[in-house]
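Welcome to the tour! Open your viewer, get your selection tool ready, and follow along stop by stop.

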Amino acid sequence: MNSSRIASDYFIDLNKKFFDFFGNHPLINIEAPGRINIIGEHLDYNDGLVMPAAIDKFIYFSVGKRTDSRVVLKSIDLDAVSETENINSFDLQSNHAWSNHLLGVIKEFSLNGIHFSSGINVCFGGNIPNGAGLSSSAAVEAGIGTALNILFDCGFDKLKLAQIAQLTEHKYVGVKCGIMDMFASIFSQKDHLIQLDCRDFSHKYVSGKFVNHEFILVNSGVKHTLADSQYNIRRKQCESGLATLKSHFPQIISFRDVKSAHLEVLKELKDPKILERCQYVTEEIQRVFDATQALENNEMKQLGELLNCSHKGLSEKYEVSCEELDFLQIEALKIDGVLGARMMGGGFGGCTLNLVEKGSEDSFREKISDLYVKRFGIKPEIYVVNTGHGVTVVE
Ligand code: GLA
């Protein structure tokens with residue numbers, strides 16, 4: 001866990017709201033960040049490599065213990081309250097209700113043998129834009145998991161907390177996501193990117209600070225409703241493709257063993273999409289290796305080109321982009337100082353990630369914003385990326 005930091009203004013306000021609502025003070029304050037991903041999209045559930053980093057946008061939590069066994073959750077942003085009778089025993093159906101992201105984590109703690117000695121009061125809110133593909137849900141799960149782990153002395157390590165967060169999405173939210181988002185929210189280090197191998201969770205940190213370049217996010221402001229259902233379908237299509245590959249080539253254990261020549265056998269399948277999905281996955285795995293090398297050698301032009309190829313693959317072969325993201329990507333490349341751009345995250349909306357030369361940031365902001373407003377009537381929010389620390393206890 002990162003060391004404690006000075007309380008931010010947000011916590012002064014959050015603690016006051018906690019006191020006004022619960023009539024006592026919280027025992028712990030936690031901030032859990034959202035994330036970006038430089039490259040390696042839709043690879044975390046395909047045994048690939050990803051390159052995420054936490055950003056300086058957070059979900060903030062104040063958490064206290066109760067004298068009874070109730071769970072009382074107060075969402076500041078939604079202005080909503082959820083109450084559950086008994087922290088150690090409650091039913092939870094899979095749906096997208098906001099409280100499931102927290103109750104699911106509690107449930108998984110219980111299923112891992114934790115008996116809570118009391119109920120809890122939770123007040124939370126934040127500044128990670130919802131639906132922007134910056135993983136506010138994973139931050140919620142990482143934050144509440146960390147709070148419970150400390151308050152009830154559960155002894156789970158960081159990987160276990162990330163796995164609990166991921167299972168929460170699978171079982172109680174209904175999204176069969178990979179581990180990247182929660183891993184980034186928990187493991188990140190300031191000014192660094194994580195190179196995470198999702199096959200065995202081995203990882204290393206590389207500098208996320210560049211002398212002459214910045215990453216800039218452009219939020220399309222849209223989140224198409226098919227995002228979650230299509231996400232789960234992509235996962236199934238990849239599993240099905242991999243099963244066929246394994247049946248033909250016993251040496252293949254995961255996508256990491258697949259070469260483009262192997263993919264020929266997928267041409268016999270009735271569903272032509274399976275071949276395209278698997279092509280995307282194998283090509284993107286190679287792009288992550290190439291991007292790692294480009295970063296090591298400070299070849300930013302090369303990195304930019306890899307981002308563009310990643311977008312093309314996501315749009316044409318994996319089909320998780322949308323009109324708004326394609327527009328933002330194409331138009332960004334026409335602006336001076338932009339080396340590369342791609343959609344980021346699950347897709348069907350959210351942000352594009354743009355690699356921009358320092359000094360060109362302002363003209364980039366202005367131009368891309370004008371173009372997007374003209375075309376879609378939406379003023380996009382634009383953020384310069386500051387890579388930040390993972391989940392932190394705040395004094
Ligand atoms: C979402 C999921 C992640 C990952 C990305 C795509 O953010 O939650 O697990 O699969 O999409 O890379």
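This is a predicted model: local features need pLDDT of at least 70, side-chain atom pairs count only at pLDDT 80 or more; totals for chains, interfaces and linings use all residues.

Which residues in α5 are buried? Select them and see: Met180, Asp181, Met182, Phe183, Ala184, Ser185, Ile186 and Phe187. Here, buried means under 20% relative accessible area, while exposed means over 50% and partly exposed lies in between (1.4 Å probe, protein chains only).

Residues are numbered from 1 along each chain as its sequence is written, and side-chain values use heavy atoms, with hydrogens and water left out.

**The whole chain**

Now zoom out and show the cartoon. The protein chain has 10 helices and 15 strands; these are DSSP runs (helices: H or I, at least four residues; strands: E, at least two), numbered from the N terminus. Its radius of gyration is 21 Å, close to the 21 Å that the globule rule gives for 395 residues, so the chain is as compact as a globular protein of that length. That radius is taken over C-alpha atoms, and the rule is 2.2 Å times the number of residues to the power 0.38. Buried residues make up 59% of the 395 residues.

**Aromatic pairs**

Next, show the rings. A search of the whole structure finds 17 aromatic pairs. Rings of Phe, Tyr and Trp (its six-membered ring) pair if their centres lie within 6.5 Å; planes under 30 degrees apart count as stacked, over 60 as edge-to-face and the rest as tilted.

Select Phe11 and Tyr60: this pair is edge-to-face, at 5.2 Å centre to centre with 90° between the planes. Phe11 lies in helix α1 (residues 9-22) and Tyr60 in strand β4 (residues 52-65), so the pair ties together parts that are 49 residues apart in sequence. Phe11 and Tyr60 are buried. The rings of Phe183 and Phe187, in contrast, have centres 3.9 Å apart and planes at 5°, so that pair is stacked.

**Charges over rings**

What lies over the face of Phe187? Select Lys158, which is at 5.0 Å from the ring centre. A charge sits over a ring if NZ of Lys or CZ of Arg is within 6 Å of the ring centre and within 35 degrees of the ring normal. For your last stop, find Lys107 over the face of Phe90, at 4.8 Å from the ring centre.
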